[in-house]
Amino acid sequence: MKRRTLRRKLLGWLASYLALLTLVVFSAANYVHERAEHSVWRALLNSELDSVIANKRSDPHYRWQDSDTLHFFSEHDAHGIPDTLAHLMPGLHDGVWLEGHRSAVMVRQTSDFGRTMLVLDITDFAELEHFITRWAVLAGIAMAVVTLLMAWIGMNRLVRPLVALAGDIGGLQPERSGQRVQVAARGSTEMEVIADSVNDYLERNERFVERERAFISTASHELRTPIAVITGAAELALEQPELPPRARQQLQRVRSTASSMEQLIQLMLLLARDPARLAALSEPLALEQLLPEIVADHAHLAGGRELSVEVVETAPCTIMAPVGVVQAAVGNLLRNALENSDRGVIRLSLTPRAVVTIEDPGHGMSPEEVAAAYAKIARGERNMRTGIGLDLIGRLCEHLGWKLDIHSGPERGTRVTLDMGASLP
């Protein structure tokens, strides 16, 4: 759903307010006008009708002479009361039509003259009233348009610094340090508060990034160096021919654990990098040549068991990715397959679309366990049954746009598919 801009929201509220205010003002003005008009007609017609009746009572031969705008009717006169006025009750009646003219009529019931009526032609006044009303409406519309136009101009001047500030914030680059946002000269105090808050956040984020970079640099050296020493010492010790079988077994376990730890550290250090910086380390990799090397590096994990690894099908495939990332991802998947299998053949295959499939004859997992593994990968939790590397590979796939699928069944082995198509050139 697309959100409305602040300018449009404010103008919408202002337009609604103007419409409501105009409606209230015109309604109140019309009510006051009608009341004042009725008061004028009532006072005028009552005064004239009192004068006519008084003259008739004082002079039996008095005859009223109609004018262009005033007409007197009595039911005792020879011409009587017009049919169009016969239904009117005593009192003032405004807007009565008589012979095509709009009139105000005062009706009075008298004891000696019966029903009497004095009719005032207000056609000219009604036309003037309509003329004034039209111009008042036009003036109200013009006032609303001018107000909205001035508000639009004011909103533009008010929002322009905010838009500029938002553009500056959007243009910030995470990999650059020392960036700050500035408020234009026309900016308000609130803009200064926002800019100061953003700049404070940028400063704290830079300190955090520096601490993270220092940690990564230290961990890269301080952790890899002792592991390399342990691995080298174990390999030298394993070359001794008179080594007892039990000691050889323990040294092989030390070498295997150190190798796994080295891959784990490498994967964690890679995940600490920004995806954009990680992509900058990419280079062309021929997967059909890299897979046999990865298999050879992990062959020692199958030692002492009736277990072997075969690359059954490889198609020429070149991707753009850091070699360490691919080695860590495929190597961890292969290690998981080796650690969860007792005997049989683990098969690797590669498609031209950079899809690596690893099938093992291991214990497998139930559908519930597979679903739980996916959920834990999504939450970044560790699962000892599926291996620490599987959880990290799930995060790595999210990091690089790769896809990881797990298909398994109890006692039927597991098939893991790693789709690296997002790294195809």
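Leaving aside neighbours within four places in sequence, E283 is in contact (heavy atoms within 4.5 Å) with I319, M320, A321, P322 and V323. E283 belongs to strand β5, residues 283-286. Helices (H or I, at least four residues) and strands (E, at least two) are DSSP runs, numbered from the N terminus. The C-alpha atoms of E283 and A321 are 5.5 Å apart in space, although the two residues are 38 apart in sequence. With a relative accessibility of 36%, E283 counts as partly exposed; buried means under 20% relative accessible area, exposed over 50%, and partly exposed in between, with a 1.4 Å probe and protein chains only.

The model is predicted, so that local features need pLDDT of at least 70 and side-chain atom pairs count only at pLDDT 80 or more, while totals for chains, interfaces and linings use all residues. Residues are numbered from 1 along each chain as its sequence is written, and side-chain values use heavy atoms, with hydrogens and water left out.

The protein has ten helices and eleven strands. Of its 425 residues, 33% are buried. Among contacts between residues at least 6 apart in sequence, 65% join residues at least 24 apart.

An open sheet is formed by four strands in the order β1-β4-β3-β2, with antiparallel pairing; two strands pair if DSSP finds at least two bridges between them. Its edge strands, each pairing on one side only, are β1 (70-74) and β2 (91-98). On average, neighbouring strands of this sheet are turned by 25 degrees against each other, direction ignored. Axes here are lines fitted to C-alpha atoms, for helices over the stretch in contact, and angles run from 0 to 180 degrees between N-to-C directions. Seven bridges join β2 and β3 (residues 101-110) in the antiparallel sense, and L92 stands opposite M106 in β3. Helix α1 (residues 6-58) lies across β1, β2, β3 and β4 (114-121), and runs at about 50 degrees to β3.

The largest nonpolar core has 34 residues. Such a core is a set of buried Ala, Val, Leu, Ile, Met, Phe, Trp, Tyr and Cys residues joined through side-chain atoms within 4.5 Å. The residues with the most contacts inside this core are I319, V326, W402, L418 and M420. Two or more residues each come from α7 (287-297), β7 (318-321), α8 (323-339), β8 (344-350), β9 (355-360), α10 (388-400) and β11 (414-419). The most is given by α8, with eight residues. Residues up to four places away in sequence not counted, M420 touches L287, I319, V326, A354, V356 and W402. A second, separate core has 14 residues, among them L49, I53, L70 and F113.

In the loop between α8 and β8 lies S341, which is buried at a relative accessible area of 0%. A polar atom of the S341 side chain is 2.7 Å from the backbone oxygen of A337. Apart from residues up to four places away in sequence, S341 touches R305, L307, I346, D360, P361 and G362.

Cysteines were also examined. The count of disulfides, taken as pairs of cysteine sulfur atoms within 2.5 Å, comes to zero. C317 counts as buried at 3% relative accessibility, and C397 counts as buried at 4%.

How values were computed: A polar contact is a pair of N or O atoms within 3.5 Å; within protein, one must be able to donate a hydrogen and the other to accept it, and residues adjacent in sequence count only if both atoms are side-chain atoms.
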